[in-house]
Each structure stands twice: as structure tokens, then as C-alpha cells.
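Please read the numbered points alongside the sequence and model.

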Amino acid sequence: MGFGDPVIFLHSGYSRGILAFASQMLDFQKKYTCYLPDFRGHGRTRCDSLEWNSPQIADDILAYMDQMSIARAHLIGFSLGANVGLYMAVDHPDRVATLTTIGTSGFCDPAGVEEFEPEWIIRNGRQDFIDHMTERHEEAHRGNWQEHVRQSAIDWRLYPQLSEEQLGGIGCPALFISGEHDPFAGEERLIALSSLVKGSKYLIVPGGSHRPHMVRENPVYVNDAILEFLASNPIR
């Protein structure tokens, strides 16, 4: 939706494009053409295999750009999508005009993943979560919600697997965002990430959690910061 330079929104785990970025769509479509794909294993995107990981999704996004005739795009990624964006910037730098990440430190951090294993979810009676995973991803996982969350947990434990040298080689303009109270990112980790990526900037959202761009947090603050960043770095 929208008109202007392309912006590809890369959603978080357990979510899908239109959910993870519902608070961005109206603001960004005024100046940009917005793409909100569902990753393999998520939402309405179907494939033969139920297996996936962050690097594989980055390759999928490259193929998606080819299919949509997008030569270069601004990438905005949240959590899992932020890690996918990092892989895109490392492995396909010629296709990434700018990179904005929300909620990643740039390094693997499996803290808390055990509560998202299907066995833990069943044992603790998280029927609400099961219902959400079934509803959101029925077409992708073909009714096998346990495999969906199992793949998410595997990816969470393993990725991103990027070295400091690889991160330091990112050459596109980059903006790293975290909520003040994000347990997976936060100011200290963003300072470290930004110090590796030459010319990058970071933003800490006061009072924010892992999802500072979402409704009930501070989407206007985050949107304005990203829009200013994109305006300063147009696709040429």
C-alpha cells in the first residue's frame, strides 16, 4: 500500500506483517510504498516444508524483492524480522538502502525461549496462546501449531549467528531502536551494536518494552524517528 520508495516491513516471530506493524501502516503509506509480507512458516505464506530459520527467510526476502521488481528497499525489522534485516544487510548489501531494527541486540540470546516450547505451553495450560498460533498461522503450518512454535524456538536459540566482523561490514545507513526496558536489547546492547556498525545511530524509547512501536506504547515517537531517518537517506 502507498506510493513512493519501497519499504519492506519484516515482522517478529509468532506474528505476521499486518499485526506486527499495524501502528505503522497509515503513517508510512503517505510517503512510501509499504510491503508487509508474511514469512515462510507464518501467516498466509505456504510452502512444502514447515522448517525455516532467519538466514533462509533473508533469502526468501531477496527472492520476494526479485518477484516484485524491487531493486533496493528500506528495511524495517522487528525482533525476528530485525535479525532477518541484519542478514540482508550483511549478505545482500546492494539491495538494502537503509536498515532499521527494533528489539534486537544483533547477537543470539535464547533467554526465555523455554516458555515458548510446545511442551511447556501445553503443560502450563496456555490455551490462549495456542488459539492465537492456530488462528494466525493456520495456512502456513496447516494446523500443526506445535511445529510452528518449535521452529520459532529453534531459531530463537540459534540466530543470529553473525560475527562482529560481519556486523561491522554493514555499509548502509542503519538505525537501531530499543525500548528502555527491552530484555533482549536495551541501551547497553544497542550502544555495543551501534559501535560496530560505522555511521549507525541508535534510539532508546523511554518506558518502552520489547515492542515500543506498537499500540499502547509509543508508536508516534517511533514512527516520527524512523520517518526522519528515511527522509535523510532517500533511495538514489
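1. Asp128 is partly exposed, with a relative accessible area of 45%; here buried means under 20% relative accessible area, exposed over 50%, and partly exposed in between (1.4 Å probe, protein chains only). Its salt-bridge partner is Arg126, at 3.1 Å from N to O. Arg126 is likewise partly exposed, at 30%. A salt bridge denotes a side-chain nitrogen of Lys or Arg within 4 Å of a carboxyl oxygen of Asp or Glu.

2. The model is predicted: local features need pLDDT of at least 70, side-chain atom pairs count only at pLDDT 80 or more, and totals for chains, interfaces and linings use all residues. Residues are numbered from 1 along each chain as its sequence is written, and side-chain values use heavy atoms, with hydrogens and water left out.

3. Under the salt-bridge rule, the count is 10. Among them is the pair Asp66 and Arg95, at 2.9 Å from N to O. Because Asp66 lies in helix α3 (residues 54–67) and Arg95 in the loop between α4 (80–91) and β4 (96–102), this pair ties together parts that are 29 residues apart in sequence. Helices (H or I, at least four residues) and strands (E, at least two) are DSSP runs, numbered from the N terminus. Asp66 is partly exposed at 45% relative accessibility, whereas Arg95 is buried at 13%.

4. Glu119 and Arg150 also form a salt bridge, their closest N and O atoms being 2.8 Å apart. Arg150 belongs to helix α7 (residues 145–158) and Glu119 to helix α5 (residues 118–123), so the pair ties together parts that are 31 residues apart in sequence.

5. A network of salt bridges links Arg44, Arg46 and Glu139.
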